[in-house]
Amino acid sequence: MARRYDSRTTIFSPEGRLYQVEYAMEAISNAGAAIGCLAKDGVVLIAEKKITSKLLDTHAVGVRREKMYKLDEHIACAVAGMTADANILINLCRLNAQRYYFSYQVGEQQRQRDGRRNPAERRPFGVSLLYAGWDEHYGWQLYQSDPSGNYGGWKAVAIGNGHAAAQNLLKTEYKEGLGVDEAVSLMVKVLAKSMDSSLAVDKVELATVTRDEASGKVSFKVFTAAELQPLLDAANAEKEAADK
Amino acid sequence: MDFFMGIKGKDFVMVCSDTAAVHSIITIKQDEDKIVPVDSHKVFCVAGEAGDRVQFSDYVIANVKLYALRNATELSTKSVANYARGELANALRRSPYHCNLLVAGYDKGVGASLYWLDYLATLHKVNTGGTGYGSYFTLSLFDKLWHPDLTEAEALDMMEKGIAEVRRRLVVAPARFIVKVVDANGIRTVAELKE
C-alpha cells in the first residue's frame, strides 16, 4: 500500500521517505544529462539535448538554448529535468542576483541555493541544476542542486540520464588543475560515454565560464556549432576506436 | 552636535569623534564612544538623533553579521556602505532614521576606504570627510593637508590641527575626542584627546 503515501510531499511514508521527492529525482534521471567540472581557470558545462527537430527554430527569442542559461555576469547554469520548472528557478536566480547587486553594489556570491522545494502541498520542482561561476572570495565554483532542496559544491559532477556512469567515469578521469581546454575535451569525452547515441552538434550544448585576468571580467561562452563540430568529431572517433 | 572626522591614509583609515552625549542643552556624559565596530575591520561613526543612532547602527550591524554567518564570507566595506545606504533610502519616505554616518574599513586586496553617508541616503566615497558643525572648519583644512601617501603620524597631526581649529572657532566645541585607526590588523584606539 505504498500508494497511500505517494501523493503528498508533506507526508512521510512509514519507512521515512517522501515519495514525491524521490519520483522527482527519478524524473531527472531520465532527462538529458548535464555534466560540469572545475578547471583551474574556469568552469565547463556540457549537456545533452533530448528533443531535436529540424523544424525547431533555434533563433527564436528566449528559446535559443534548452540547457544553458546565464544567471548574472559571473554565474551560469545548466539544467536537467523539466524545462518549465527550470524557468521558474532561473527567473528566481536572476531576480536574486540583481537584487543582491542593488543592495550591495557588487556581484552576488556564488553560493545561492535555489534548488529549493516548492512550499507544502505542491509538487517539488522536477529539475536539477548545475551552477558555475566565479567570485572574489572562493574563486571558481561548481554547485549542484536537486528537487529535495539539497545542494553541494563539486569539482566535477553529472546529473540527468546516465549520471551514475558519468560520475564514475569522472572519478577516474578527473584531475585537479586542468586547463579549460583540457576540461572541455574531458567533458565531451564523458558525455560521449554516457549518451546512448553518438555525439551530434544539434544534441549537445557546451559552455564555459572564464575570466579575463587583466580586466577581471567574467564571461560566459556557449560554443557555436562550428566550434563544437571538431570537438565532437574527435570524441566520436576516439569512441569508435575504443569500441573496435 | 556630534562631530566626526575621517581621513583615508596610505594603508589605513583614521576616524575621530567627540565623546559627548548631549540631550537638549545639557551634556549627559563625556565618555560616549560613538565609533562602533561593525566587524573586525569596519567601523561606523554615527551622528544624529541619539535613539536613531543606536537603532540604525544595531540593525545594520546585526544584518551584516547575519550575512557573514549565512554565507561564510564577510561583506566588503563597499558592500556594507551600500547596504546601509539602501536601508536609509528605504526608510526615508516612511519613518526615516535621522543619522549621518562615516563608514571606515579595511579590506584585503582593496585596502582602506572611507564613505560619507547622510540621512537622505547620499553616499560618497571620500578621502577625507566629516559631519557636524565642526566639519565646516576641518574640511578645508584637510583639503590643504591631505595627500595619497599619508602616514598614520601625519593623519593624527591633521586630526589634532582640526580639533584645535574647532576649539578656536566653534561656539559649541566638544571637550573630548577619541581617535581610532582601522588597518590590516583591525581596529584600535590611537589617542584620546582632552582639553
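This is a predicted model: local features need pLDDT of at least 70, side-chain atom pairs count only at pLDDT 80 or more; totals for chains, interfaces and linings use all residues.
**Entry 1: the interface**

I began with the contact between the two chains. On the chain B side I count 11 residues, and they are in contact with 10 residues of chain A. The size of an interface is often given as the accessible area lost when the parts come together, so I looked that up next. Chain B and chain A bury about 950 Å² between them. Carbon and sulfur atoms account for 46% of that area. I then asked which residues of chain B lose the most area to chain A. They are B:Tyr67, B:Asn71 and B:Thr73, which together make up 40% of what the chain B side buries.

**Entry 2: polar pairs and the make-up of the chain B side**

I looked for salt bridges across the interface of chain B and chain A, and the rule finds 0. For polar contacts between the two chains, I noted 3 residue pairs, with both residues at pLDDT 80 or more. I then checked which helices of chain B take part. Both α1 (50–71) and α2 (77–92) of chain B supply at least two residues each to the side that touches chain A. The most comes from α2(B), with 4 residues. Sorted by class, the chain B side has 4 nonpolar, 4 polar and 3 charged residues.

**Entry 3: strand β5 of chain A**

I turned to β5(A), residues 127–135. Is this strand mostly covered or mostly open? It is mostly covered, with 9 of its 9 residues buried. I took its two faces separately. One carries A:Val127, A:Leu129, A:Tyr131, A:Gly133 and A:Asp135, and these are all buried. The other carries A:Ser128, A:Leu130, A:Ala132 and A:Trp134, and these are buried as well.

Next I listed the pairing partners. Strand β4 of chain A, residues 75–81, pairs with β5(A) in the antiparallel sense over 7 bridges. Strand β6 of chain A, residues 139–145, is also joined to β5(A) by 7 bridges and runs antiparallel to it. A:Gly133 is the bridge partner of A:Ile75, and it stands opposite A:Gln141 in β6(A). I also noted that β5(A) and β6(A) form a hairpin, with 3 residues between them.

**Entry 4: B:Thr128**

Last, I looked up B:Thr128, which lies in strand β10 of chain B, residues 128–131. Its relative accessible area is 13%, which is under the 20% cut-off, so B:Thr128 counts as buried. Leaving aside neighbours within four places in sequence, I find B:Thr128 in contact with B:Gly6, B:Ile7, B:Leu114, B:Phe142, B:Asp143 and B:Trp146.

Terms used. Residues are numbered from 1 along each chain as its sequence is written. Chains are lettered from A and ligands numbered from 1 in the order in which they are written. Side-chain values use heavy atoms; hydrogens and water are left out. Contact means heavy atoms within 4.5 Å. Buried area is the accessible area (1.4 Å probe) that two parts lose on being put together, summed over both. A salt bridge is a side-chain nitrogen of Lys or Arg within 4 Å of a carboxyl oxygen of Asp or Glu. A polar contact is a pair of N or O atoms within 3.5 Å; within protein, one must be able to donate a hydrogen and the other to accept it, and residues adjacent in sequence count only if both atoms are side-chain atoms. Ala, Val, Leu, Ile, Met, Phe, Trp, Tyr, Cys and Pro count as nonpolar, Asp, Glu, Lys and Arg as charged, and the others, Gly among them, as polar. Buried means under 20% relative accessible area, exposed over 50%, partly exposed in between (1.4 Å probe, protein chains only). Two strands pair if DSSP finds at least two bridges between them.
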